[in-house]
2 protein chains.
Amino acid sequence: MTPTDSAQPATPAKTPARDPWDLPDVSGLVVGVLGGTGPQGKGLARRLAAAGQKVILGSRDAGRAEAAAGELGDGVEGAGNAEAARRCDLVIVAVPWEGHAALLASLREELAGKIVVDCVNPLGFDGKGAYAIRPVEGSAAEQAAALLPDSRVTAAFHHLSAVLLQDDTVERVDTDVMVLGEERADTEIVQALAGRIPGMRGVYAGRLRNAHQVESLVANLISVNRRYRAHAGLRVTDV
Amino acid sequence: MTPTDSAQPATPAKTPARDPWDLPDVSGLVVGVLGGTGPQGKGLARRLAAAGQKVILGSRDAGRAEAAAGELGDGVEGAGNAEAARRCDLVIVAVPWEGHAALLASLREELAGKIVVDCVNPLGFDGKGAYAIRPVEGSAAEQAAALLPDSRVTAAFHHLSAVLLQDDTVERVDTDVMVLGEERADTEIVQALAGRIPGMRGVYAGRLRNAHQVESLVANLISVNRRYRAHAGLRVTDV
């Protein structure tokens, strides 16, 4: 058993600690959502657009993306995945795990220099429920980083309920968003983006090498949802 | 991205749903804590004893266990690990990962038929902080189940702050305890035990095959603690 608070950093911080809640203004960023016609991508797009963010839904089928965008309103546009990737400043990857690698490999140029927010959960399902799949790269986020060496890859938005995101009667989505990445400037932008959605808070939660457990914890939340008939999310306490 | 609430169970429940908060009375159980002189084991022993539970601290060194028990008061006793295992009804395994397999292998007889609550987090540390170690069995809990085929192995109490557990000025430890296991009767006992500590709630969170991500999420909480100078825990929302 490792106490979470007994492990000290191996090297002392070189600069005085900055306020971790001093986050950048991201209201002007154009957000692309790849896989934006799926329940979670669409739900996230809806919440971000309602908060005032410019959102472009991407899909394999541009026509489906345009139709979904029309349903959402709030200035959301639809496009093919490549066009959504090209036009946005930051992209949320919300495609099924099965299509993750092929899609990202095809968008390396479009996503060069941009922040990529991977929220894919590699899971399998059988008669006993959900279980974690471990990608050879370690996690979906690390697979994205390997396929997109010119992008700024982060991981976030794993633990959201698509039902709550899409429910018009739910005004606040009461949950924390664990944000992982290698560069503080990048994770802070993603934290700020999460914080635009009422009820949500973006909390820094480590480097990409620790993404696998965050991604696969969704298997546990599925068990929680089944046992308690809930739409479970997570809050980090004492933060 | 897999919505947490879109995955339906593969087989419908055969019996009407029971109230998941209808938990057994565990106030009469004698709780052993192996590795009970470490910060987390001792902190947990302290909280359980303060809540009225009979607790026996186990340690490799019976004298150290007795000394630690004396400090805690509230009727806590100290003993060698084997004696603590023999005398208790339920045992919490709070030893360092490095000693986990050898200790459990040596206690197979003492722990036969008993509930074993594994709360060990297999982690490594380097200059970049903590990272997950993946046991060949899948997780520490599955290693325990492999080594203790005659015991009722569960996993819980991974995400607790040893600092908060041991701080006399902290009256409530505001956190949920994810409880994993194969048998509902066993996980409900562990949930009830967690619920005896003020501020804590035991939440069922899946089978042992999904323990690895729960164990290794401690690496992320260590990053949270460092960034926010916090003693982070978790709450499951909407439950």
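1. Contact here means heavy atoms within 4.5 Å. The model is predicted: local features need pLDDT of at least 70, side-chain atom pairs count only at pLDDT 80 or more, and totals for chains, interfaces and linings use all residues. Residues are numbered from 1 along each chain as its sequence is written, chains are lettered from A and ligands numbered from 1 in the order in which they are written, and side-chain values use heavy atoms, with hydrogens and water left out.

2. A:A130 sits in strand 7 (residues 129–132) of chain A. Helices (H or I, at least four residues) and strands (E, at least two) are DSSP runs, numbered from the N terminus. The relative accessible area of A:A130 is 6%, so this residue is buried. Buried means under 20% relative accessible area, exposed over 50%, partly exposed in between (1.4 Å probe, protein chains only). A:N220 is 90 residues away in sequence, yet the C-alpha atoms of A:A130 and A:N220 are 7.9 Å apart.

3. Now the chain as a whole. Chain A has eight helices and eleven strands. Its radius of gyration is 17 Å, close to the 18 Å of the globule rule for 239 residues, so chain A is as compact as a globular protein of that length. The radius is taken over C-alpha atoms, and the rule is 2.2 Å times the number of residues to the power 0.38. The C-alpha trace spans about 55 × 45 × 35 Å along its principal axes.

4. Of the 239 residues of chain A, 59% count as buried. Among contacts with a separation of 6 or more, 72% come from residues 24 or more positions apart. Chain A exposes about 9,200 Å², with 49% supplied by carbon and sulfur atoms. Areas come from the Shrake-Rupley method with a 1.4 Å probe; for residues, only the protein chains shown count as cover.

5. How are the two copies related? A rotation of 180 degrees with 0.0 Å of shift along its axis superposes chain A on chain B, at RMSD 0.0 Å. That is the relation of a two-fold axis. In chain A, the C-alpha nearest the axis belongs to A:Q213, 2.1 Å from it.

6. B:Q191 is in helix 7 (residues 184–195) of chain B. Its relative accessibility is 1%, so B:Q191 counts as buried. Beyond four places in sequence, its contacts include A:R227 and A:Y228 from chain A, and B:P20, B:W21 and B:Y204 from chain B.

7. Helix 5 (residues 140–147) of chain A has A:A140, A:A141, A:E142, A:Q143 and A:A144 buried. These buried residues pack against helix 4 (100–106), strand 5 (115–118), strand 8 (152–155) and helix 8 (211–228) of chain A.

8. In chain B, B:A155 lies in strand 8 (residues 152–155). B:A155 counts as buried, at 0% relative accessibility. The C-alpha atoms of B:A155 and B:A140 are separated by 8.7 Å, at 15 residues apart along the chain. Contacts of B:A155 beyond four places in sequence include B:D118, B:A141 and B:L208.

Terms used:
Copies are superposed by least squares on the C-alpha atoms of residues with pLDDT of at least 70 in both.
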